[in-house]
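Trainee: Take one part of this model and walk me through it closely. Give me the cut-offs as you go, please.

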Amino acid sequence: MQMGELAADEHVKYILSVEKRKDSLESVVSEHLRMNGVYWGLTTLDILGKLDAVDSNEVIQWIMKCQHESGGFAGNIGHDPHILYTLSAVQTLALFDKLDVLDADAVSNCIFLFVICFYAPNSHASLETLSLSFFKSDIAGLQNEDGSFSGDMWGEVDTRFSYIGISCLALLHRLHKINVEKAVDYIVSCKNVDGGFGCTPGGESHAGQIFCCVGALAITGSLHHVDKDLLGWWLCERQVKSGGLNGRPEKLPDVCYSWWVLSSLIMIDRVHWINKEKLIKFILSCQDTENGGISDRPDDAVDVFHTYFGVAGLSLLEYGGLKAIDPAYALPVDVVNRVFLGKK
């Protein structure tokens, strides 16, 4: 392998080895979000054309053991459900073309519960109690009045959860069950004078939040609300001298923004405003070419999170040998086509 090439085989070996090292520090500290790690790792394998290197039945069985009786999914067996882990579970099942193992209505009902928990933030009711009240109520009346989404029963509101809820419901073909217009209005209320978006109205613009808002608007056919030139300028200014991208002004570059920034630029048709060659060089410089994996910056420790976003970023940059990835759904294009168009 020549310098400046993607160490694809080493990255595959690294990802396959992570789950086996359950006593490692990386595994212990990330136990609560293992569902996300499974999604990051397996999507990376799929982009690299190596998804068949894992036992799909074993993965699917583990995922279903993480499902809560409310319908949502936890980050690991025995943990509490959260909208974030629910999306990762749905995305991973989509990779394997196994969405049919889900009771889509039960999962979407749980997402509605995540939405309504903020409606009564001081409530000490359990999720089971809320579940009971949900089935006795009208769905439309249970969405937050401002259209926002909560992450779990504790009621945190964030535009990340708006994207997650919209993306998850779309993949389950249940988007019609929420008030999409209100959801879009809330996202638009988080738009700033610099063209970016924050986590709540008035929140600072951040590349991660921008992806969530632009992605949700793309899925709902609402990109006309975005000032594409203004936002495109803010996003292309995230590229620093090394070629890497940062998430906010004056911050260090980080491989993960190769996804957050790039995907947003692609969705608003402004990706040609950055230097793609320099970004590719930056991502490749963050590889461990001997043991596999990608880090946030050159010479730092690798992890599955940055390995996924590095490889996904290269896919967006049309790097050779990688499957194309959808910038809105963060899944390979062929998976998205299969979900929505029935194409095998």
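Mentor: Let's start with Cys 256, which sits in the loop between helix H11 (228-236) and H12; helices here are DSSP runs of H or I with at least four residues, strands are E runs of at least two, and both are numbered from the N terminus. Before going on: this is a predicted model, so local features need pLDDT of at least 70 and side-chain atom pairs count only at pLDDT 80 or more, while totals for chains, interfaces and linings use all residues. Residues are numbered from 1 along each chain as its sequence is written, and side-chain values use heavy atoms, with hydrogens and water left out.

Cys 256 counts as buried because its relative accessibility is 5%; buried means under 20% relative accessible area, exposed over 50%, and partly exposed in between, with a 1.4 Å probe and protein chains only. Leaving aside neighbours within four places in sequence, Cys 256 is in contact with Phe 305, His 306 and Phe 309, where contact means heavy atoms within 4.5 Å. The C-alpha atoms of Cys 256 and Gly 313 are 8.1 Å apart, although 57 residues separate the two along the chain.

Asn 246 is in the loop between H11 and H12 too, and it counts as buried because its relative accessible area is 3%. Its side chain makes a polar contact of 2.7 Å with the side chain of Arg 238. The side chain of Asn 246 also reaches the backbone oxygen of Lys 251 at 2.9 Å. For polar contacts, take a pair of N or O atoms within 3.5 Å; within protein, one must be able to donate a hydrogen and the other to accept it, and residues adjacent in sequence count only if both atoms are side-chain atoms. With neighbours within four places left out, the contacts of Asn 246 include Ala 207, Tyr 257 and Val 261.

Glu 250 is in the loop between H11 and H12 as well, but Glu 250 is exposed, with a relative accessible area of 80%. Its phi is near 70°, a positive value in a residue other than glycine.

Now step into H12 (residues 257-267), where you find Ser 263. Ser 263 is buried, at 0% relative accessible area. A polar atom of the Ser 263 side chain lies 3.4 Å from the backbone oxygen of Trp 260. Setting aside neighbours within four places, Ser 263 is in contact with Phe 211, Leu 316 and Pro 327.

Trp 260 takes us to the second largest pocket: 25 residues line it, and Trp 40, Leu 84, Arg 160, Trp 260 and Phe 309 lie nearest its centre. The elements giving two or more residues to that lining are helix H3 (34-47), helix H5 (83-95), helix H8 (159-171), H10, H12 and helix H14 (304-316). H5 gives the most, five residues. On a 1 Å grid over the protein atoms alone, a pocket is an open set of points where a 1.4 Å probe fits, with protein on both sides within 12 Å along at least five of seven lines; a cavity is a set the probe cannot get out of, and lining residues have an atom within 4 Å of a point.
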